[in-house]
Amino acid sequence: MMLSHNHLPMIPSVLCFALILLASAVHIADGQQNFCSFFGNKSPSPQPGLENCTWYRDSSCCVNEEITSLFSGVDVPDRANGNCRNYINYLMCYVCDPRQNVFYDQERLTVCADFCNDLLSACSDAVLKGERLGTRYGTNGSAYCMDRRFQVGTAAESCFTLATDKRILRGAG
């Protein structure tokens, strides 16, 4: 079949459309279709003015007003040191993570057991309900997270965990 000269201008458009469909199919097949399940399944977007959870500025599920509103209701345990406060802040920033659809489902957050252990280690001297966390939970971070009503997981690709670069905790914000 020969194409007439009238059909030639359509070829680039058809090819472009086919490439877009292929790229979309590969993106979804890779499981990388992120959405913000905490905020009604909206799409993540750049938030260059993010004042807290700044590591999510390039792709975020939250805006400053949402963070301020959510964080205002968070009580940090008594005697929490700076490292503990940074871990709690980082944990609360899950609402900004563009991958939250992986670990936030049916209004439940799944936190990785390793993160729970690191969090408890950082907060072992903090006091909750009159008792040191280290005394109450020992080194069982999973029990601490479950008492906070989080689910605990072990596969990093399906639970919330600390970014590879732990330096992010130095000034979590």
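A disulfide, for these notes, is a pair of cysteine sulfur atoms within 2.5 Å.

**Ground rules**

I am working on a predicted model, where local features need pLDDT of at least 70, side-chain atom pairs count only at pLDDT 80 or more, and totals for chains, interfaces and linings use all residues. Residues are numbered from 1 along each chain as its sequence is written, and side-chain values use heavy atoms, with hydrogens and water left out.

**Entry 1: the overall layout**

I looked up the elements and got 7 helices and 5 strands. Helices here are DSSP runs of H or I with at least four residues, strands are runs of E with at least two, and both are numbered from the N terminus. I read the order from the N terminus as α-α-α-α-β-β-α-β-β-α-α-β.

Next I checked burial, where buried means under 20% relative accessible area, exposed means over 50%, and partly exposed is in between (1.4 Å probe, protein chains only). Of the 173 residues, 35% are buried. The protein exposes about 10,600 Å², and carbon and sulfur atoms supply 53% of that area. Accessible areas come from the Shrake-Rupley method with a 1.4 Å probe; for residues, only the protein chains shown count as cover.

I also looked at contacts, meaning heavy atoms within 4.5 Å. Taking those with a separation of 6 or more, 63% are between residues 24 or more positions apart.

**Entry 2: the disulfides**

I searched the whole structure and found 6 disulfides. Numbering the bonded cysteines in sequence order, I get the pairing 1-3, 2-6, 4-7, 5-10, 8-12, 9-11.

C53 is joined to C93, S to S 1.9 Å. The S-S torsion of this pair is about -80°, so I noted the disulfide as left-handed. C53 sits in the loop between α1 (10-29) and α2, and C93 in the loop between α3 and α4 (100-103), 40 residues apart. C53 counts as buried because its relative accessibility is 0%, and C93 is likewise buried at 0%.

C62 bonds to C96 with an S to S distance of 1.7 Å. Here the torsion is about 95°, so the disulfide is right-handed. This pair also links distant parts of the chain: C62 is in the loop between α1 and α2, C96 in the loop between α3 and α4, 34 residues apart. I found both C62 and C96 buried.

The sulfur atoms of C116 and C145 are 2.2 Å apart. Their torsion is about -115°, so I have a left-handed disulfide. It ties helix α5 (C116) to helix α7 (C145, residues 141-147), 29 residues apart. Both C116 and C145 are buried.

**Entry 3: helix α3**

How many residues of α3 are buried? I count 8 of its 11, namely C84, N86, Y87, I88, N89, Y90, L91 and M92. Their cover includes α2 (64-71), β2 (108-112) and α5.

I then looked at how α3 (residues 82-92) packs on α5 (residues 113-122): the angle is about 145° and the axes are 8 Å apart. Axes are lines fitted to C-alpha atoms, for helices over the stretch in contact, and angles run from 0 to 180 degrees between N-to-C directions. From α3 the contact uses N83, C84, Y87, I88, Y90 and L91, and from α5 it uses F115, D118, L119 and A122. I sorted these residues into 8 nonpolar, 1 polar and 1 charged. Nonpolar covers Ala, Val, Leu, Ile, Met, Phe, Trp, Tyr, Cys and Pro, charged covers Asp, Glu, Lys and Arg, and the others, Gly among them, are polar.
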